[in-house]
Amino acid sequence: MSRVSAEQLGNEPIGKLLIKQAVPASIGILVMSLNVLVDSIFVGNWIGSIAIAAINVVLPVSFFIGALGMAIGVGGSSIISRALGANNTNKALKTFGNQITLTLLVTTIMVALGLYYVDSLIPAFGGKGAIFEPAKIYYVIVLFGVPFLALCMMGNTVIRAEGKPKFAMIAMIIPSVGNLVMDYLFIYVFDWGMAGAAWATTIGYVLCLAYVLYFFLSKNSELKLNWTHLGLDIPILKEIGSLGFVTLARQAVISLIYLLMNNILFTLGGEASIAVYAIIARMLMFALFPVFGVTQGFLPIAGFNYGAKKYQRVRESINTAIFYAAVLATVVFIGLMIFPLEIASLFLSQNPTLSEHELAVNAYVLEHTPSAMRMVFAATPIIALQLIGAAYFQAIGKAVPALLLTLTRQGFFFIPLILILPNYLGEVGVWIAFPIADVLATIVTGYFLRKEVRTKLMATKEP
């Protein structure tokens, strides 16, 4: 298997290097996103549309705890990339050891709290009416697997920071394939319903961690830990926390958005409106996988070359990443504008024995999802600048601007919009908040990225 070494990050042509990094990342994200998408299709067809809404209620809680691992991973991986670029292997090892210890401590505490407050959290996130019981079944089982997910997400970012994107891709593919196989067995063959969907997801997390452990224990990893590296180091923890807080804050805002969206939509249209949002949320995860892949591939390239003070290569990586991501986002946009009805139909059961309530929900979803999807993805072609711009500041270790730009779209613009617009426009106000927030966030990110390039990357001489 070909791989990208740490040294190649600083010497290989940017375009070729970005493809090497982004393609495996994109494939991994694609498979992971397909897992969420197909999982929802299975659940919708074999259990019902209410079950899709139930999973949509649970996701923000479980993903937030899992995102703790990603936050620790991204924060530490930024340090590792720059440390490797500066030939400081000891700091890279110490950082990785701290990531492992911190992930275990934090996620275990969060899972315990999540289980203790289960009956309060589910209704708070929109799990009301017919949604509550299936959501609780799914939530309790999946939460036990979340520490495995957190360790996987943390480890995956470190694998990529080492310049081994294909191994990171495999780490994402294995649990996704395993989950889909288990879905078929547990839901369709064994008829375990929501419990089957939950166990399939949890087993997928365990399989992922098994592969990540294999990678770091094998000769493929350059980071060979000993017990001393696992001891917590306050300066390193502060640096991990300041940079990882960007990712954590983003996921916290996403969880808050799910909470607000589910409750607002339940008020406007009941379980059916939440089911519409559940389908759109799956497409937001799935459709943009190539753009997210470019962003993930860009991070270690920018971080390494910034650490090595190769600023011209950093500028080139920014421009190339934005171009690639913009082209891919435009292709995604065209597909979503042409086929929204066909996409919505995939999630709905054609079983004639469905209850009248389920049939009514299906009819509502089929009628309202296409127009909602077109509105939500209307500004997709311009989001590349927004994503790459925020990722750049995170890659170079500038936590404050990275945090502010990451929160610009969802926190500063989107949340106020969904609190205001539905009061005047109903459900349409919810959906048009998405493209308005995208446009505003892209303008702000473009301004700060341009300023940074001029003042730092062009004004500073390379050694």
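Please keep in mind that the model is predicted.

Let's start inside. The largest nonpolar core has 83 residues, and helix α8, residues 234-286, supplies the largest share of this core with 21 residues. If you want to find the residues with the most contacts inside that core, look for Met-261, Tyr-277, Met-283 and Trp-431.

So what does Tyr-277 touch, leaving aside residues up to four places away in sequence? Its partners are Asn-56, Ile-257, Tyr-258, Met-261, Asn-262, Leu-265, Trp-431 and Phe-434. There is also a second, separate core of 33 residues, and among its members are Leu-18, Ile-322, Ile-396 and Ala-402.

Now to the rings. How many aromatic pairs does the structure hold? The count is 19. One of them joins Phe-186 and Trp-192, which are stacked, with 4.8 Å centre to centre and 20° between the planes. Phe-186 counts as buried because its relative accessibility is 10%, while Trp-192, at 43%, counts as partly exposed.

Another pair is Phe-323 with Tyr-324: this one is tilted, at 6.1 Å centre to centre and 55° between the planes. Here Phe-323 counts as exposed, since its relative accessibility is 55%, and Tyr-324 counts as partly exposed at 26%.

Two more stops for your viewer. Phe-42, Trp-46, Tyr-184 and Tyr-188 come together as one aromatic cluster. And finally, have a look at Arg-409, which lies over the face of Phe-414, 5.7 Å from the ring centre.

Technical notes. Residues are numbered from 1 along each chain as its sequence is written. This is a predicted model: local features need pLDDT of at least 70, side-chain atom pairs count only at pLDDT 80 or more; totals for chains, interfaces and linings use all residues. Side-chain values use heavy atoms; hydrogens and water are left out. Rings of Phe, Tyr and Trp (its six-membered ring) pair if their centres lie within 6.5 Å; planes under 30 degrees apart count as stacked, over 60 as edge-to-face and the rest as tilted. Buried means under 20% relative accessible area, exposed over 50%, partly exposed in between (1.4 Å probe, protein chains only). A charge sits over a ring if NZ of Lys or CZ of Arg is within 6 Å of the ring centre and within 35 degrees of the ring normal. A nonpolar core is a set of buried Ala, Val, Leu, Ile, Met, Phe, Trp, Tyr and Cys residues joined through side-chain atoms within 4.5 Å. Helices (H or I, at least four residues) and strands (E, at least two) are DSSP runs, numbered from the N terminus. Contact means heavy atoms within 4.5 Å.
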